[in-house]
Amino acid sequence: MVPRRFVVRSSRPDTRDTRTLELSPVDGGPLAFDAGQFTMLLAFGVGEVPISISGDPTAPDPLVHTIRAVGPVSRALAGASPGTVLGVRGPFGTGWSVGDGRGGDVVFVAGGIGLAPLRPAIREVCAARADYAHVAVLYGARTPDDLLYADDLQRWAGEHDVEVQVTVDHGQHAWRGRVGVVTELVARARFDGARTLGLVCGPEVMMRYSALALLDRGVRKDRVRLSMERNMQCGVGLCGHCQLREYFVCVDGPVLPYDALEPLISRAEL
Ligand SMILES: Cc1cc2nc3c(=O)[nH]c(=O)nc-3n(C[C@H](O)[C@H](O)[C@H](O)COP(=O)(O)OP(=O)(O)OC[C@H]3O[C@@H](n4cnc5c(N)ncnc54)[C@H](O)[C@@H]3O)c2cc1C
Ligand code: FES
């Protein structure tokens with residue numbers, strides 16, 4: 001429960017409201033993590049929020065977080081300049097367990113900032129690319145200016161034989177790419193549903209429709225995994241803030257299989 005002190009080594013702008021921070025421990029070793037896990041990140045004097053780890057699980061120093069400034073805490077974290085000390089608890093929660101997809105196809109479906117929690121799993125697959133058959137990254141954002149990790153997307157496609165498809169809700173400027181919702185990418189991507197592991201992260205409504213699109217393509221319910229977001233306070237299953245019916249998202253999730261989530265996620269009030 002006691003945060004460790006990490007210092008911001010670098011801060012890079014990704015989009016208008018999103019930055020990627022690299023953090024190193026002030027004392028002690030790096031924070032080993034599984035792809036999909038999160039930390040509770042503390043801006044001293046402001047507050048603490050859950051943020052997924054977006055770096056490489058095989059190289060945990062620096063600790064990498066991509067943060068969208070939406071409110072007071074995330075704004076303070078995203079605005080932390082090099083040299084700032086932040087508090088870190090964790091890592092917490094379940095991972096993507098992308099290794100379960102070995103020998104078959106893996107399809108990553110991301111909406112907006114949802115690419116950040118998926119990035120460590122994509123890197124894991126790229127590092128052992130020969131172990132997987134077809135790999136696809138299907139990514140939707142609001143506008144071209146909201147797209148994260150342009151360099152990664154190019155590298156995954158160019159160097160790791162990954163089918164990368166990108167779409168935006170609203171194309172502006174000189175955008176020559178696809179306009180539409182990410183579920184349309186699921187319908188057209190080149191994978192064999194019967195042997196696919198599908199990992200989905202983004203706004204809840206986007207995840208619901210993406211999961212249904214994967215099922216339509218023949219992916220089994222227990223082979224579709226979503227990363228759920230809930231308000232969190234303790235991160236360790238004590239306070240109940242993150243409760244989603246019988247689940248505490250901080251310990252049972254954030255990554256949960258669609259067959260467990262189906263009765264919950266299809267209810268409008270959730
Ligand atoms: C497991 C988990 C992993 C997460 N990983 C990341 C991550 O990698 N990067 C990241 O930037 N965020 C991530 N989040 C979301 C992040 O925790 C919230 O954005 C943060 O808690 C907002 O706190 P705040 O005090 O800044 O804003 P608040 O004051 O809590 O919210 C300000 C306003 O923004 C809205 N808001 C809050 N959260 C979101 C959101 N996620 N999307 C859109 N609007 C929102 C609120 O409804 C409110 O209107 C994750 C959340 C969870 C549960
Ligand atoms: S955040 Fe406290 S129980 Fe999950």
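Which polar side-chain atom lies 3.0 Å from a nitrogen atom of ligand 1? It belongs to Glu 229. I count that as a polar contact, meaning a pair of N or O atoms within 3.5 Å; within protein, one must be able to donate a hydrogen and the other to accept it, and residues adjacent in sequence count only if both atoms are side-chain atoms.

Before going on, the ground rules. This is a predicted model, in which local features need pLDDT of at least 70, side-chain atom pairs count only at pLDDT 80 or more, and totals for chains, interfaces and linings use all residues. Residues are numbered from 1 along each chain as its sequence is written, chains are lettered from A and ligands numbered from 1 in the order in which they are written, and side-chain values use heavy atoms, with hydrogens and water left out.

Back to the ligand. A polar backbone atom of Pro 50 is 2.6 Å from an oxygen atom of ligand 1. A polar backbone atom of Val 73 is 3.3 Å from an oxygen atom of the ligand. On its own, ligand 1 has 910 Å² of accessible area, and the protein covers 67% of that. These areas come from the Shrake-Rupley method with a 1.4 Å probe; for residues, only the protein chains shown count as cover.

Now the shell. There are 18 residues around ligand 1, and Pro 50, Thr 66, Arg 68, Ser 74 and Glu 229 come nearest. A residue is near the ligand here if one of its heavy atoms lies within 4 Å of it. By class, the shell has 11 nonpolar, four polar and three charged residues. Nonpolar covers Ala, Val, Leu, Ile, Met, Phe, Trp, Tyr, Cys and Pro; charged covers Asp, Glu, Lys and Arg; the others, Gly among them, are polar.

Which elements give two or more residues to that shell? They are strand S4 (47–52), strand S5 (63–68) and helix H1 (72–78). S4 gives the largest share, four residues. Helices (H or I, at least four residues) and strands (E, at least two) are DSSP runs, numbered from the N terminus.

The domain assignment of the chain gives domain 1 (4–92) and domain 2 (98–265); such bounds come from an automatic or database domain assignment. The C-alpha centres of the two domains lie 21 Å apart. Their contact takes 25 residues from domain 1 and 23 residues from domain 2, where contact means heavy atoms within 4.5 Å. The ligand shell draws at least three residues from each domain.

A few single residues next. Ser 52 lies in strand S4. Why does Ser 52 count as buried? Because its relative accessible area is 19%, and buried means under 20%, exposed over 50%, and partly exposed in between, with a 1.4 Å probe and protein chains only. Not counting residues up to four places away in sequence, Ser 52 touches Gln 37, Phe 38, Val 64, His 65 and Pro 117.

Asp 152, in helix H3 (residues 150–159), is buried at 4% relative accessible area. Beyond its neighbours within four places in sequence, Asp 152 is in contact with Arg 119 and Arg 123.

Is Asn 231 buried or exposed? Asn 231 counts as exposed, because its relative accessibility is 63%. The residue sits in the loop between strand S12 (224–227) and strand S13 (243–244). Leaving aside neighbours within four places in sequence, Asn 231 is in contact with His 241 and Cys 242. From Asn 231 to Gln 243 is 12 residues in sequence and 8.8 Å in space, C-alpha to C-alpha.

Last, some backbone points to look at on the screen. The peptide bond from Gly 90 to Pro 91 is cis, with omega near 5°, and Pro 91 lies in strand S6 (residues 85–92). Another cis bond joins Gly 253 and Pro 254, with omega about 10°. Pro 254 is in the loop between helix H6 (249–252) and strand S15 (255–257).

Two residues other than glycine have positive phi. For Tyr 149, phi is near 50°; Tyr 149 is in the loop between strand S8 (135–141) and H3, and is buried, at 6% relative accessible area. For Arg 245, phi is about 45°. Arg 245 lies in the loop between S13 and strand S14 (247–248) and is partly exposed, at 46%.
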